[in-house]
Amino acid sequence: MRSERWKYILSLTVSIALGLLIGALIMAATGHDPLDGYSALLRGAFGSKRSWGNTLYKTFQLCITGLATAVASIAGIFNVGGEGQMYLGAIASSYLGARLAGLSPWIALPVCFLAAILSGALYAWIPAVLKVKLKINEVITTILMNSIAIYLCSYLANGPLKTTERGINSGTDAIGKALRFNRLIPGSNLSETVFYIAAISLLVWYLMSRTTTGYRMRLTGQNERFSRFIGLRADLLGIGGMLISGAMCGALGMFECFALQSRFKTDFSSEFYFDGMLVAMIMRYKPLGIILMSFFFGALKMGATTMQSSTKISSELILIIQSVIIFLMAAEEGFLRRVQEHRVRRQTVQKEG
Amino acid sequence: MDLSSIFNVGTLLNTFNTATIVILAGLGCLMSEQAGMMCIGIDGMMTAGAFAAAVGSWYSGSWLVGVLCAVLVGLLFGCFYGVMVVRYHSDEFIIGVAFNIFAVALTTFILRTVFLQSGSFHPATGEIKTLPYLSLGALGGTNINISLMVPVSWVLIALLQIFLYRTPYGIWLHASGEHPDSLRSVGRSPEKMKYLGSVLCGLFCGLSGAYLSLGYLSTFTENMSAERGYVAVACVIFGRSNPVLVFLAALLFGFIDAAGMRMQGLVDPTLTAAFPYVGTILMMVFLALRNQRKLKAKAGHS
């Protein structure tokens, strides 16, 4: 078990190093100096108090989205639809946040939060039920439901729920001032929401690694038949994983709008969920690993925006590096297995001979 | 409400135009599906193909070179997918989803960093030569112009139908997914057939991408496949990997898309844009419910 973990850490390190090397090669191939690129990236991630704030916020964002992917995957359902769940959570809570502005925050905020997690969870419930009851592939349904949710929210924010305020293109009414979260470092994205994100992340980590429910979910995800045979409600456990995942995405949608945008805007997210999903995939859905590595990928991600503005290297490079890391780790696993098989075969041949 | 505003020749044309994207990608997807692999990554292959086609056609000034570039890129990506799944036994879904993110990121990166443009590809000099259009006269006051790729896709459906059900290669391909051991017992390598399946998958997805950027539109735009690759996978499941049935499923998708566009006077356009995706999910639910009922009926009989 122990050597297994070291082997994993080694392969992760090698894959990340190779991924960064390939990133450098791509920069060189497109006529940019890799050292310039990476130093701009470092400056962007840690250069000032403001960039530290942005990097830390991105870390928390990756943490909650990564864990959301992991929870569903551990329970056996690959949730690619977090983006849509986040949009619905964002619009539902923002709408209430504007309507309930007169109420005391002690009542209004929990109501908004409830609306956010319920709409996220409900939207995740649909593909979960389709998967568990009808065996419909969840990757296809969740990704198509992303598009549906984004179109729906864009319709609402441009139509029935459009604000009358001037100068706002596609957004809902402003959320009550008393309900908004304050920024911890002025000018950066770091706001009070990180305490809530941290609490949710720890709760989910505890649930998945320290409770029987988490253990049963893991069992169901690994072998659904076995879990049914020993008397577990495999269907409910799978759906439960998706519900938690959807609720987390809905909550993040609310945090984004209540802290940074002050209203729901159709462009509030630039595929935030997919960033976290990639981290979760790289970390093979290990909750602790996701929490620890979020900082590294958060720095890469935030640094890339500065790299883009100062060196004209598109920040998409980070997505390329991340997917290359996934490919490398996937290939490495298979490669080692082949080497081992080969060795075993040679040993048996020698024994027989 | 006037029904003729929704059901007319223009809608029919749009149906075929949109369906062709899904048909070509679906043909690719069903080749890998026949070999027992679900290729979620076709969305990425389409995006990469579309980009290669637009750049190739612009650089050489010939649409044929553009199509060849797209096919080449598709083949490369198909090989890559085959190596990952067949040789290294990677999880198809993880590879597929990572693959789609990779393709969108790579094409966007090259567009922004090399061509210094964002959003879509609009070269300052030269032009992107699109696929030739066939003029079939006029019907009901609408001029009928279709892209060359539309009839080509129909020919491909017929050819694939013959290939899959009338040639030994097609049967071996199917066997490599369904009964790899029996295929091995007759001296054929299931791995080789799986490679064939994934390479052909890449080829057709490249063609679909070429049609996207040189036929359906006349340039490349970022993330231009717009999840149609996933729709194609759904159509392949719906059509049980049979080319003709997949064609019909794709037509249904194309029709929902085209009819939605015609309904923009009645319903908000942002809502009609979501129709094809809702339709695709409903299609899958319908099929699953029917299958379940069949299974239950069978269990009741025995």
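Start in chain B and select helix H1, residues 9–34, together with helix H5, residues 149–166. In this predicted model, their axes come within 9 Å and cross at roughly 25°. That makes H1(B) roughly parallel to H5(B), since angles under 35 degrees count as such. Look at the handedness next: the crossing of H1(B) and H5(B) is left-handed.

Now show the side chains where these two helices meet. On H1(B), pick B:Phe16, B:Asn17, B:Thr20, B:Ile23, B:Leu24, B:Leu27 and B:Gln34. On H5(B), pick B:Met149, B:Val150, B:Ser153, B:Leu156, B:Ile157, B:Leu160 and B:Leu164. Colour them by class. The contact of H1(B) with H5(B) has 10 nonpolar residues and four polar ones.

Next stop: the interface. Chain B puts 38 residues into the contact, and chain A puts in 37. Stay on the side of chain B that touches chain A and select the elements that give two or more residues to it. They are helices H3 (63–87), H4 (92–113), H9 (228–238), H11 (269–272) and H12 (275–301) of chain B. Which of them gives the largest share? H4(B) does, with 13 residues.

Move to chain A and select helix H3, residues 49–74. Then step past the end of the helix. H3(A) is followed by A:Gly76, and the phi of this glycine is positive, near 100°.

Last stop: A:Leu130. Find this leucine in helix H5 of chain A, residues 105–134. A:Leu130 has 20 other C-beta atoms within 10 Å, so it is buried; the cut-off for that is 20 or more. Show its contacts, leaving out residues up to four places away in sequence. A:Leu130 touches A:Ile136 and A:Thr141 in chain A, and B:Val285 in chain B. Finish with the pair A:Leu130 and A:Thr141. They are 11 residues apart in sequence, and their C-alpha atoms are 8.7 Å apart in space.

How values were computed
Residues numbered from 1 in each chain as written. Chains lettered and ligands numbered in written order. Predicted model: local features only at pLDDT ≥ 70, side-chain atom pairs only at ≥ 80, totals over all residues. Axes fitted to C-alpha atoms, helices over the stretch in contact; angles between N-to-C directions. Helix = DSSP H or I, 4+ residues; strand = E, 2+ residues; numbered from the N terminus. Parallel < 35°, antiparallel > 145°, perpendicular 65-115°, else oblique. Left-handed = near helix turned anticlockwise from the far one by under 90°. Contact = placed C-beta atoms within 7 Å. Nonpolar A, V, L, I, M, F, W, Y, C, P; charged D, E, K, R; others polar. Expected span 1.5 Å × (residues − 1). Buried ≥ 20, exposed ≤ 12 C-beta atoms within 10 Å, placed from the backbone.
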